[in-house]
Amino acid sequence: QVQLVESGGGLVQAGGSLRLSCAASGLRVSSYVMGWFRQAPGKERDFVATISGSGGTTYYADSVKGRFTISRDNAKNTVYLQMNSLRPEDTAVYYCAAGRFYTVVRDTYGYWGQGTQVTVSS
């Protein structure tokens with residue numbers, strides 16, 4: 001069975017950095033499109049970043065472009081989200097997802113992790 005487990009969230013001051021990890025089992029991250037989404041209280045779950053199965057193509061939401069980096073380590077079967085220059089508006093629960101299509105559309109991703117909280121203080 002498929003399981004995605006996020007870790008690495010926490011409390012950080014504005015301008016700081018965090019690295020989120022998504023450990024996958026039941027699927028190979030090299031064979032799936034992997035994505036990161038985030039959801040703040042009372043808001044929809046929004047796209048953050050995605051990486052193709054080959055690992056050669058990435059795409060980011062405008063709000064995080066230049067600050068966040070998505071990557072994968074096939075040997076560890078893990079996907080990462082490096083977050084730099086964090087802002088209070090980045091505060092949200094961050095979710096890892098896996099799907100079959102390279103897209104920013106939330107509903108096209110079939111597998112989801114439980115989420116990890118990221119809080120950025122001012």
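Good morning. In what follows, a residue is called buried if its relative accessible area is under 20%, exposed if that area is over 50%, and partly exposed in between, with a 1.4 Å probe and protein chains only. The model is predicted, so local features need pLDDT of at least 70 and side-chain atom pairs count only at pLDDT 80 or more, whereas totals for chains, interfaces and linings use all residues. Residues are numbered from 1 along each chain as its sequence is written, and side-chain values use heavy atoms, with hydrogens and water left out.

I begin with the cysteines. The structure holds 1 disulfide, that is, a pair of cysteine sulfur atoms within 2.5 Å. Cys22 and Cys96 form this link, with 2.0 Å from S to S. Cys22 lies in strand 3 and Cys96 in strand 9, 74 residues apart; strands are DSSP runs (E, at least two residues), numbered from the N terminus. Cys96 is buried, at a relative accessible area of 0%, and Cys22 is buried at 0%.

I turn now to the aromatic rings. Rings of Phe, Tyr and Trp (its six-membered ring) pair if their centres lie within 6.5 Å; planes under 30 degrees apart are stacked, over 60 edge-to-face, and the rest tilted. The whole structure has 6 such pairs. In one of them, the ring centres of Tyr32 and Tyr111 are 6.3 Å apart and the planes stand at 80 degrees, so this pair is edge-to-face. Tyr32 is buried, at 13%, while Tyr111 is partly exposed, at 36%. Finally, Phe37, Phe47, Tyr59, Tyr109 and Trp112 make up one aromatic cluster.

Technical notes:
Helices (H or I, at least four residues) and strands (E, at least two) are DSSP runs, numbered from the N terminus.
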